[in-house]
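Hi,

Here's the structure I promised to send over.

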Amino acid sequence: MIPLAVVLFLNAAFNALVWPQFYKRVAKDPRARDENGKATAFLRVHAVLIAIALVLALVSVLAGVAALTGAL
């Protein structure tokens, strides 16, 4: 189960490191806000996708711990 845990932890680390940085770039993109400063669909869609990726990172950590403890 150790190889499974390693893959899950690597997945979690990738998601936790990459997606927040991507959000910073998306938030600065001119398409992220309209002329009134309101969030556009571009920003909302990316925020939802990034949130899903971060939830999956958390699930990967929990599953990795479960794999190491033999709960899987």
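This is a predicted model: local features need pLDDT of at least 70, side-chain atom pairs count only at pLDDT 80 or more; totals for chains, interfaces and linings use all residues.

Residues are numbered from 1 along each chain as its sequence is written, and side-chain values use heavy atoms, without hydrogens and water.

Helices α1 (residues 2-28) and α2 (residues 41-69) have axes that come within 8 Å and cross at roughly 160°. Helices here are DSSP runs (H or I, at least four residues), numbered from the N terminus; axes are lines fitted to C-alpha atoms over the stretch in contact, with angles from 0 to 180 degrees between N-to-C directions. The pair is therefore roughly antiparallel (over 145 degrees). By class, their contact has 26 nonpolar, five polar and no charged residues (Ala, Val, Leu, Ile, Met, Phe, Trp, Tyr, Cys and Pro count as nonpolar, Asp, Glu, Lys and Arg as charged, the others as polar).

Cheers

Key: Helices (H or I, at least four residues) and strands (E, at least two) are DSSP runs, numbered from the N terminus. Angles under 35 degrees count as roughly parallel, over 145 as roughly antiparallel, 65 to 115 as roughly perpendicular and the rest as oblique.
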